[in-house]
Amino acid sequence: MIVVALVVFYASRSLFQGLLLTLEHHIPCLLGALRAASMGNSCVCRDDSGAEDNVESRSWQTENSRVHVPEARSHPRDPVRPPRRGRGPHEPRRKKQNVDGLVLDTLAVIRTLVDNDQEPPYSMITLHEMAETDEGWLEVVQSLIRVIPLEDPLGPAVITLLLDECPLPTKDALQRLTEILNLSGAAAFQDACHPARHRNTTAVLGCLAEKLAGPASIGLLSPGILEYLLQSLNFQSHPTVMLFALIALEKFAQTSENKITVSQSCISDQLILLEKWADNPDYLKRQVGFCAQWSLDNLFLKEGRQFTYEKVDLTNIRAMLNSNDVSEYLKISPHGLEARCDASSFESVRCTFCVDSGVWYYEVTVITSGVMQIGWATRDSKFLNHEGYGIGDDEYSCAYDGCRQLIWYNARSKPHSHPCWKEGDTIGFLLDLHEKQMIFYLNGNQLPAEKQVFSSAICTFIFAYLKPSLSKFPS
């Protein structure tokens, strides 16, 4: 017997993205089956099927150019991160080049990095070599802040990727960076009409806060940097700056001493105002609202404020994200219909809805347009967040990737004909268990059916998976 369930799978490298997913059964007169439906890097899930006895009770947890890879991999894959590559024993150090050009070159090719077996681009190798010294590391960081454009959805991913792959900065390098940036509350309002620099600065601070631990993170959160991040949450700031400032504060709060310091700043008063954006039709503000609400429920508690999960109405929700089947760094909303990942690892979660026959369909409304893979998989499909396993990475799953315009199956990718997805696009996923095929749609335009997974999954459980950084499923 084939049992089908909806699952959502989140890829860390498409950091800060959003999806909207609604599940619904197809009406019998259309497909001769029950009907399931909907979702984006923010993701909301709704089941309108009316199916019974398939909903698992849950306790709520409080959070791109295309390349065809012809051969299967024998080891995990990260959809964005290339492998490290050092110089060979007889290979000379590459000649130092313009660091800004190297950063922009890396941004231009980041969508093509789909396999661990790929040679990293020249620009990335050179930047890694430059960062081996304090002076070089500082040049790379300043360049990331200076040249990454605001409008590129993969800009923050490049910042995360390069800083994560570079050597850890020394204490002296961190001190010099603090002096160079010279951040303060007043600095948050300088060049407000050019928010790219502020977005990149807050993204860099968040990456460093996550990368460093203990005393180094405490030392980095100087009074000036704390005030800069807090002032960046002001409504005068660009929503993107607000989003990454809040994420940076969350990551600093991973160190207990920093958490106390941030909490004492009365950050919760501002977050109370920002959480009103949780259902904002503007996708960017919606992300800010989600993160503000999650922080109030989990990190920066406000005395007298009722937890969101205590007042959410679950009456009409028949399918939700399963808090008992989720990796550790995922943020899940109180109603279980929205999730987000701001960590630098693969994160995943399954949904609670399960069927055993018929034709099934769900949709995803893309809230952010970064890297993610969405589709269907069997229970045998591997979910290993730190090792890079997810939907499309084995013979038991098949996934749609709208950012890099690829279809994934058995850790192999092939190009599809759809354009890159963008905010507001609707992605459809049809699973026909009678005909043994899957069909992917972009705004109603379908691709040819995919049937490979059924050669391995014909007698096993089948699930639908999604891996964005932020996903929301409407009820």
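## Working through a predicted model

D191 sits in the loop between helix 6 (171-181) and helix 7. Keep in mind that this is a predicted model. Here are some exercises to get to know it.

**Exercise 1.** Work out whether D191 is buried or exposed, and find what sets its phi apart.

*Solution.* Start with the surface. D191 has 51% relative accessibility, so it counts as exposed, given that exposed means over 50%. Now the backbone: phi of D191 is near 55°, which is a positive value in a residue other than glycine. For background, most residues other than glycine have a negative phi.

**Exercise 2.** Do likewise for A411: where is it, and is it buried or exposed?

*Solution.* First, find the place: A411 lies in the loop between strand 12 (406-409) and strand 13 (412-415). Next, check phi, which is positive at about 65° even though A411 is not a glycine. Last, look at the accessibility. A411 comes in at 3%, so it counts as buried, with the cut-off for buried being under 20%.

**Exercise 3.** Describe how helix 7 and helix 10 pack: at what angle, and how far apart are their axes?

*Solution.* Take helix 7 (residues 196-211) and helix 10 (residues 239-252): they pack at an angle of about 15°, and their axes are 8 Å apart. That angle makes helix 7 roughly parallel to helix 10, since angles under 35 degrees count that way. As for handedness, helix 7 passes helix 10 in a left-handed crossing. Now for who touches whom. Helix 7 brings H198, R199, T202, A203, L205, G206, A209 and E210, while helix 10 brings T240, V241, F244, A245, A248, K251 and F252. Sorted by class, this contact has eight nonpolar, four polar and three charged residues.

**Exercise 4.** Find out which residues S217 touches.

*Solution.* S217 is part of helix 8 (residues 215-220). Its relative accessibility is 0%, so S217 counts as buried. Leaving out residues up to four places away in sequence, S217 touches A209, L212, F252, T255 and N258.

**Exercise 5.** Which residues of helix 12 are buried, and which helices do they pack against?

*Solution.* In helix 12 (residues 267-274), the buried residues are I267, S268, L271 and L274. They cover an arc of only 110° around the axis, so they are on the same side of helix 12. Their packing partners are helix 9 (223-231), helix 10, helix 11 (256-263) and helix 13 (283-298).

Definitions and conventions:
Residues numbered from 1 in each chain as written. Predicted model: local features only at pLDDT ≥ 70, side-chain atom pairs only at ≥ 80, totals over all residues. Heavy atoms only, no water. Axes fitted to C-alpha atoms, helices over the stretch in contact; angles between N-to-C directions. Helix = DSSP H or I, 4+ residues; strand = E, 2+ residues; numbered from the N terminus. Parallel < 35°, antiparallel > 145°, perpendicular 65-115°, else oblique. Left-handed = near helix turned anticlockwise from the far one by under 90°. Contact = heavy atoms within 4.5 Å. Nonpolar A, V, L, I, M, F, W, Y, C, P; charged D, E, K, R; others polar. Buried < 20%, exposed > 50% of the residue type's maximum accessible area, 1.4 Å probe, protein only. Arc of directions from axis to C-beta.
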